[in-house]
Amino acid sequence: MLLAGEVALVTGAARGIGLATVRLMLQHGAKVGLADIDETVGVATCSELQKEFSRNAATFIPTDVTDSMQLRRMFQTTIKEFGKVSIVCNNAGVADEQNWKKMIAVNMVAMMESTHLAVEFMSHTRGGEGGVVINVSSMGGILPMPFGPSYSASKFGIVGFTRSMTECLERDGIRVNCVCPEFTDTAMLATASMTSEQLEMVQSVGILQPEQVAEAILQLATDSSKAGAVMTVTMKRGIDFFLFPGDPGYSSKKSKL
Ligand SMILES: NC(=O)C1=CN([C@@H]2O[C@H](COP(=O)(O)OP(=O)(O)OC[C@H]3O[C@@H](n4cnc5c(N)ncnc54)[C@H](O)[C@@H]3O)[C@@H](O)[C@H]2O)C=CC1
Ligand SMILES: CCCCCC(=O)CC\C=C/C=C/C=C/[C@@H](O)[C@@H](O)CCCC(=O)O
């Protein structure tokens, strides 16, 4: 039981990568708060998980991550239910180039706000037990995405914020990492409007399963040596780490994708 005694909070947990992550964490013994804007699907999903695992292992918290009050309540409710939060997975995301300001709010601003709240509720300096934050970026947060420039900007933002916060959070006893998956078989990908050329490109790269991304998130949650890691999940290489200039082990060759 890798996560026995741990309490995780996962945003965007009603389906896709978030749900696969919740399921894996429950399998490994964690208690999990599922946060999502979709209350109907969230409640139904959580009730299924309670039947499969235990009624006391999961709770659903209706949350729009772009609402500061709701985001704070998400932490408070989880702590009230399970006594603490030790793992935060900021996963909620949208891909909507038309509404790019909203997209930045969901994908990037909420992730930043939630990380600051994690410090408030988890920091050693505030009487908390510390823990780990895992932010879900994308390969589009490392490589340019010509068919989604604003989406890509939001995901580059996650990588930059995660790497920059790492040192700031050392004294808080909080590790912060991010994961950058390639295309993954979820509703987000299925409903994206793409040209036939873009679809061909996606097919040629290949499509990950959400469970593969969940495994990567679990690894970041449990490997206490990882802080400031930018993990990639790709069809070719599976789970790997992206190195930037200045990182130990960086070589310009390794960093070329
Ligand atoms: N599917 C893909 O190809 C990839 C996805 N990602 C990222 O993975 C994360 C999860 O995406 P998927 O599972 O693919 O998408 P999905 O669309 O299947 O699930 C996203 C979940 O986030 C929730 N959500 C959306 N807006 C919200 C808000 N304001 N507040 C709370 N919850 C909200 C949705 O209700 C949904 O349950 C996203 O951050 C996405 O950008 C990263 C790389 C590849
Ligand atoms: C707009 C639709 C939703 C898209 C959601 C995503 O985040 C999809 C991922 C975005 C970009 C993926 C880029 C993949 C590029 C590959 O060609 C690259 O990973 C190849 C690298 C190979 C390697 O490292 O071995």
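**Notebook: charged side chains and a loop valine**

I began with Lys51, which forms a salt bridge with Glu48; their closest N and O atoms are 3.4 Å apart. I noted at once that this is a predicted model.

Where do Lys51 and Glu48 lie? I found both in helix α2, residues 39-52. They sit three residues apart, about one turn of the helix. Next I checked accessibility. Lys51 has 62% relative accessibility, so it counts as exposed. The cut-off for exposed is over 50%. Glu48 comes to 48%, so it counts as partly exposed.

**Second pair**

I moved to Glu129. Its salt bridge partner is Lys84, with the closest N and O atoms 3.1 Å apart. This pair links distant parts of the chain, 45 residues apart. I traced Glu129 to the loop between α4 and β5 (131-136). Lys84 is in the loop between α3 (68-82) and β4.

Lys84 is buried, because its relative accessible area is 19%. Buried means under 20%, so Lys84 falls within that class.

**Third pair and the count**

I also looked up Lys226. It forms a salt bridge with Asp223, and the closest N and O atoms are 3.5 Å apart. Asp223 has a relative accessible area of 25%, so I wrote it down as partly exposed.

How many salt bridges are there? The count comes to six.

**A lysine with no salt bridge**

Then I turned to Lys155, in helix α5, residues 149-168. Lys155 is buried yet has no salt bridge. Which side chain of opposite charge is nearest to Lys155? I found Glu97, 11 Å away. A salt bridge needs the nitrogen within 4 Å of a carboxyl oxygen.

What does the side chain of Lys155 reach? I followed it to the backbone oxygen of Val136, at 3.1 Å. I then listed what Lys155 touches, not counting residues up to four places away in sequence. The list is Asn107, Val136, Ser137, Ser138, Gly140 and Gly141.

**A valine in a loop**

My last entry is Val94. I placed it in the loop between β4 (87-90) and α4 (100-122). Its relative accessibility is 31%, so Val94 counts as partly exposed.

Which residues is Val94 in contact with, leaving aside neighbours within four places in sequence? I noted Met103, Val106, Asn107, Tyr151 and Met188. Asn107 is there, and Lys155 touches Asn107 too. I also checked Met25, which is 69 residues from Val94 along the chain. Their C-alpha atoms are separated by 23 Å.

How values were computed: Residues are numbered from 1 along each chain as its sequence is written. Chains are lettered from A and ligands numbered from 1 in the order in which they are written. This is a predicted model: local features need pLDDT of at least 70, side-chain atom pairs count only at pLDDT 80 or more; totals for chains, interfaces and linings use all residues. Side-chain values use heavy atoms; hydrogens and water are left out. Helices (H or I, at least four residues) and strands (E, at least two) are DSSP runs, numbered from the N terminus. Buried means under 20% relative accessible area, exposed over 50%, partly exposed in between (1.4 Å probe, protein chains only). Lys and Arg count as positive and Asp and Glu as negative; His and the chain ends are not counted. A polar contact is a pair of N or O atoms within 3.5 Å; within protein, one must be able to donate a hydrogen and the other to accept it, and residues adjacent in sequence count only if both atoms are side-chain atoms. Contact means heavy atoms within 4.5 Å.
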